[in-house]
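Student: I would like to learn how to read backbone features in a model. Can we take one case at a time?

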Amino acid sequence: MTQLTIVADENIPFVSEFFQTLGEVKTYPGRTLTAAQVQSADVLLVRSVTPVNESLLAGSRVKFVGTCTIGIDHLDVEYLSRCGITYHSAPGCNANSVVEYIFSVLATLKPNWLQASFGIIGCGNVGGHLYRRLSALGLAVDCYDPFLSEVDNPDLCELERVLQADVVCLHTPYTRSGAHPTHHLLGEAQLQQLKPGCLLINAGRGPAIDNQALKRVLSVRQDVTVALDVWEPEPNLDVGLMPLVALASPHIAGYSYDGKVEGTAMIYRALCRYLKCAQAATTEALLAGDESGAQRLSWGSREPEAAAKGAATTADDGSVQDWLNRAILTAYDVGADDARMRAQLLTESSLASEAAFAREFDVLRKNYPKRREFPCFQVGAMPEGLAEDKKKPLNKLLATLGFTLAIREES
C-alpha cells in the first residue's frame, strides 16, 4: 500500500498511535488549519472546529475526510460528494460523555432531580442515549424530534409540551434549512414558555438557542436556571451572557477521555475499511495500563472544587438522592469546568480583543483535564451509615448510571 500523507487536528487523541501505520501523520491546530497545510494530504482528520469546504480542499489530493465527532455540520457534504471525497463521522462516540455531563449538572443545580420531569429536544445519538438512561431510572420524559416516529420513541410530543418540563435538554444538530431547521429553534417566545423553576441545558449546538433572546429573558426572569456548554457564536461568545447562566463550560460536555478516544478509533476503523486493510491498532491496546480513571469511588463528604453560580446545595441528609449526587460529583464535578472558564475568560487579558478571547476559549478545550467516565469508577462498598433499606435502591441507581459495582446486591 502506498504511504499516505495524513493531516490531522493536533487535539485528536492517539492520532499518531492509530494512524502511523497507514502513513505520515502531520498535526496542526484545527481552528487555524489552512489550505496550504492540507494541499499535499491524502487524508484529512478533523474535529468540529474545522470547517471543511472548497476553500480548504480545492487543489488538494484529499480523498478521505474523517471528523472524530458526532456531528457533520462543519463539513460541506455537498462539495465533498460532488468531488468524490469520502467522509465519515463518529456518531455516538461521545454520547455517554454528554449524558454524564447532564447528570453532573443535575447533581449541581437540581439536587432533587429524581423527582423531576424531563423534556428532551433532539433524540438522535446523544438525546436518545439520555432518553434511555432517564427511562431506565423510571423518570418521566417527553421528547421532541420531528424526524422520529412513535415506533422509534413512544414518548414523542409537541415542542410546547417539552418546554413545560422541570428540566429541558437540547441535543439537536445544527441546520439552517430543510423542513425542521434547528437554527434558533428556541427563540424568545419559546424561552418565555419555560415554566418557573425550569432548568434549561444546552449540550447540543449553540445556535439552537437564540443567545441574544436568552440574554434578554434571563435579564428579567430569575426563575429559570440555565447551563450552557455550547454558545452562539463560538469561540467569540457573548461575554454578557456568561454571568447570567448558572453553569458555563467551553463545549466540553463530550470531552471525556473515553469518548474522544472512541471517536478516533471509529474514524481509524472507517479509514481501514476504505483502504481495505487490516487494523493494526485497537482502543483496548492503547488504553491498556491507563489507570487514570480506574479508581475506587470515595464516599467522603462532597467538597467540589468551586461552586457554580447559582448552584443549589446538596442536602447532606443521607438520602439515596444525596449519596447518588455525591457519587456523580466525585466522578465528574462540572462546577470545576465552570470555575476554569470564568477565571480564564472573564479577565482583562482575554477581553482585550476578540482574537484573545477566542484563543483563550480554545486553550480551555485543548488543555481540558483528563476526564474518565462512570464505568471507570468502582463502587466497592455502600457508604457507612446508610440505612439498610436504602442500600439496594442506591446500588440499582449507581448501576443504571454506569458505575462499576464490586459489591454483591443484598437480597
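**Backbone features in loops**

Tutor: H184 sits in the loop between strand 8 (167-170) and helix 8 (188-192). Helices (H or I, at least four residues) and strands (E, at least two) are DSSP runs, numbered from the N terminus. This is a predicted model, in which local features need pLDDT of at least 70, side-chain atom pairs count only at pLDDT 80 or more, and totals for chains, interfaces and linings use all residues. Residues are numbered from 1 along each chain as its sequence is written, and side-chain values use heavy atoms, with hydrogens and water left out.

Student: What is the phi of H184 near?

Tutor: Most residues other than glycine have a negative phi, and most peptide bonds are trans. Phi of H184 is near 55°, a positive value in a residue other than glycine. F14 also has a positive phi, near 60°, and lies in the loop between strand 1 (4-9) and helix 1 (15-19).

Student: Does F14 count as buried or exposed?

Tutor: Buried means under 20% relative accessible area, exposed over 50%, and partly exposed in between (1.4 Å probe, protein chains only). F14 counts as buried because its relative accessibility is 19%. H184 has 28%, so H184 counts as partly exposed.
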